[in-house]
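Hi there,

Here is the structure I promised to pass on to you. Have a look at it first, and then read my notes below.

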Amino acid sequence: MIKEAINSNKNLLILHFTVFIWGFTGILGALISVDAVQMVWHRVLIATITLFLYFKLSKTSLKVTKKQFLQFILTGSIVALHWILFFHAIKVSTVSVTLVCLSSFTLFTAIIEPIIKKQRIQIPDIVIGLIIILGIYLIFKFESKYTLGIIFGLSAALASSLFGSINSILVQKSDALVISFYEIMGAFLWITLYRLFDQSLFTEHFDLSSTDWLYLGLLGTICTALAYVAGVSVMRTITAFRVALITNLEPVYGILLAFIFFGTKEAMSIGFYFGAIIILGAVFLYPIYKKRSNI
């Protein structure tokens, strides 16, 4: 019993650290000098190699059926789109704006997941969604200079909710880590095809600054590969409810880190923070409502 409690507390700390790492991803996105497409291409390349080495060292089987392989690779295109939109939003606005907009994936998931699973959309889900829309409206109203960043941030949230809803079905028949590997590899393949098409793969070389390589290395290994492995492993001993609550701390960690790294650049209007509190409050209330509705 004591051993189980220790393991649970240990995994809880690991989950908090993982969410903290996810929050740090936005900081790296702002620090890396290359554009969003090139950044994500390097990220998924490094993450794919790192995860492949992890599977080989841990002697984990990567065997899947042809149907599963195609499903994972195709879903990887949505993952790639999500990350490109996310980092582009940061480039054209701020880390704080992007992370708050990304929190709206709860709203999109409440609509998309029932459609994919052919279930009825619950009225309380719609209420939570309307609250989030109110928060988004306030951010649009008071931070109109970041309209483009808000649009890209919301689009990233939509893509996130789409592949998240798809994965909730795929994970029923496959190991989450194996799914993650093939989806990240799929993201790499799709972005490579895109860069071959627009010839940016030939015009943009690997002569990046040492600082960019350092940040890209952290982004691909720690913030992607390691975060995926750690995030999945702790779910064996922590309830889905606690995972959902702690995961919602990502924008909080990210915004705090943004203030530390970028100072006044991340300062927003009172209207923005009011809208952010409404969105984050709704996001935190959502898993609580879900848990009580299932009792």
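**What I found**

The patch covers about 780 Å² and is made by I111, I115, I121, I123, I126, V127, L130, I131 and I133. Two elements give two or more residues to this patch: α5 (105-116) and α6 (123-142). Is I111 buried or exposed, or something in between? With a relative accessible area of 39%, I111 is partly exposed, because that value falls between the 20% limit for buried and the 50% limit for exposed.

Please keep in mind that this is a predicted model.

Now for the overall picture. The protein has 13 helices and zero strands. Of its 295 residues, 49% count as buried. The protein exposes about 15100 Å², and carbon and sulfur atoms supply 70% of that area. Among contacts with a separation of 6 or more, 88% are between residues 24 or more positions apart.

There is also a helix pair to look at. Two packed helices are described by the angle and the distance between their axes. The axes of α4 (residues 95-102) and α12 (residues 250-262) come within 9 Å and cross at roughly 175°. That angle is over 145 degrees, so α4 is roughly antiparallel to α12. On the α4 side, the contact is made by V95, S96, L99, V100 and L102. On the α12 side, E250, P251, G254, I255, A258 and F262 take part.

Enjoy exploring!

Conventions:
Residues numbered from 1 in each chain as written. Predicted model: local features only at pLDDT ≥ 70, side-chain atom pairs only at ≥ 80, totals over all residues. Heavy atoms only, no water. Patch = residues over 30% accessible without salt bridge, like charges linked within 9 Å, V, L, I, M, F, W, Y side chains within 5 Å. Areas by Shrake-Rupley, 256 points an atom, 1.4 Å probe, with all protein chains shown as cover. Salt bridge = Lys/Arg side-chain N within 4 Å of Asp/Glu carboxyl O. Helix = DSSP H or I, 4+ residues; strand = E, 2+ residues; numbered from the N terminus. Buried < 20%, exposed > 50% of the residue type's maximum accessible area, 1.4 Å probe, protein only. Axes fitted to C-alpha atoms, helices over the stretch in contact; angles between N-to-C directions. Parallel < 35°, antiparallel > 145°, perpendicular 65-115°, else oblique. Contact = heavy atoms within 4.5 Å.
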